Amino acid sequence: METTNRFEYMSKIILYIIAAMLPLWFLPLTLGVEFGREVTFSILIILGLISWLLYVLKAGEIRFWHSPILWAGALVFLAFGASTIFSKAPWVSAFLADPVAERFFTLLVGLVLMALSSSVFRSADEIRRAVLILIFSGGVSGILSLLQFFGWSPYQFSFLTGRLPFLGGVDFNAVGTSQAQLLFLTVLFMAALGMIVGQKDP
């Protein structure tokens, strides 16, 4: 395998790993589930970006999709960046704001992931594979939540439950609140339904 192809392949694998981990991954830290997820996914996205940049340097070309969604993301980035700079506590707004979704760094990482995905995935099959991985992982997350709803927590035998009692709660999930997970699974269901309908002959 050529070096350029190897770097591109690494970027794709990292994006597939992110898709698999997104509905399920968390670190059992006392600092909170959101902090562990943010650190983990930020590291993976940065590694994916580095692999893609190395591919660009080796190949000597940049392939980038000119999408209205990406331009809209750039406008949100500028607006959010200006708000962060002119806030009373810029560093807090950028890295320490609570909830995590209001941090400028979270938005930046999300936009990098969006741009990276649009550049790395070149075919419909690659996009479909990533969506299928995400749907399968989301299904596993839904099954775990259903087991918790009926009184059996998959984390109840963990040695960390005593130190982190929220792991044994019936509403605990890696996505966030129960409402957030329901919305997340609904979107995945719609994506799966769209893929099934799209497979049918016209």
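Trainee: Starting with Phe77, does it count as buried, exposed or partly exposed?
Mentor: In this predicted model, Phe77 counts as partly exposed, because its relative accessibility is 29%, and that value falls between the 20% limit for buried and the 50% limit for exposed.

Trainee: And Phe104, buried or exposed?
Mentor: Phe104 counts as buried, with a relative accessibility of 16%.

Trainee: How much of the chain is buried?
Mentor: Buried residues account for 33% of the 202 residues, while the accessible surface of the chain comes to about 12,800 Å², with 74% of that belonging to carbon and sulfur atoms.

Trainee: Which residues have the most contacts inside the largest nonpolar core?
Mentor: That core has 17 residues, and those with the most contacts inside it are Leu15, Ile18, Leu44, Trp52, Val120 and Phe121. Helix H1 (3-21), helix H2 (33-59) and helix H5 (104-120) are the elements that each give two or more residues to this core.

Trainee: What does Leu15 touch, leaving out residues up to four places away in sequence?
Mentor: With those residues set aside, Leu15 touches Leu113, Leu116, Ser117, Val120 and Phe121. There is also a second, separate core of five residues, and Ala19, Ile135, Phe184 and Leu188 are among them.

Trainee: Changing topic, how many aromatic pairs does a search of the whole structure find?
Mentor: The search finds three aromatic pairs. One of them is formed by Tyr16 and Phe121, a stacked pair with 5.5 Å centre to centre and 25 degrees between the planes.

Trainee: Where do Tyr16 and Phe121 sit in the chain?
Mentor: Tyr16 belongs to helix H1, whereas Phe121 lies in the loop between H5 and helix H6 (124-149), so the pair links distant parts of the chain, 105 residues apart. Tyr16 counts as buried at 12% relative accessibility, and Phe121 is buried as well, with a relative accessible area of 9%.

Trainee: Back to the rings of Phe77 and Phe104, what are the distance between their centres and the angle of their planes?
Mentor: The centres of those two rings are 5.4 Å apart and the planes are at 35 degrees, so this pair is tilted. Because Phe77 lies in helix H3 and Phe104 in helix H5, the pair ties together parts that are 27 residues apart in sequence. Phe77 and Phe104 also form one aromatic cluster with Phe80.

Trainee: What about helix H3 itself, how many residues does it have?
Mentor: Helix H3 (residues 68-85) has 18 residues, and from its first C-alpha to its last it reaches 26 Å, close to the 26 Å expected at 1.5 Å a residue. Leu70, Gly73, Gly81 and Thr84 are buried in H3, and they lie on the same side of the helix because they cover an arc of only 75 degrees around its axis.

Trainee: Which residues are exposed on the other side of H3?
Mentor: On that other side, Pro68, Trp71, Leu75 and Leu78 are exposed.

Trainee: What covers the buried residues of H3?
Mentor: The cover includes helix H4 (90-96) and H5.

How values were computed
Residues are numbered from 1 along each chain as its sequence is written. This is a predicted model: local features need pLDDT of at least 70, side-chain atom pairs count only at pLDDT 80 or more; totals for chains, interfaces and linings use all residues. Side-chain values use heavy atoms; hydrogens and water are left out. A nonpolar core is a set of buried Ala, Val, Leu, Ile, Met, Phe, Trp, Tyr and Cys residues joined through side-chain atoms within 4.5 Å. Buried means under 20% relative accessible area, exposed over 50%, partly exposed in between (1.4 Å probe, protein chains only). Helices (H or I, at least four residues) and strands (E, at least two) are DSSP runs, numbered from the N terminus. Contact means heavy atoms within 4.5 Å. Accessible areas come from the Shrake-Rupley method with a 1.4 Å probe; for residues, only the protein chains shown count as cover. The expected span of a helix is 1.5 Å times one less than its number of residues. The arc is that of the directions from the helix axis to the C-beta atoms. Rings of Phe, Tyr and Trp (its six-membered ring) pair if their centres lie within 6.5 Å; planes under 30 degrees apart count as stacked, over 60 as edge-to-face and the rest as tilted.
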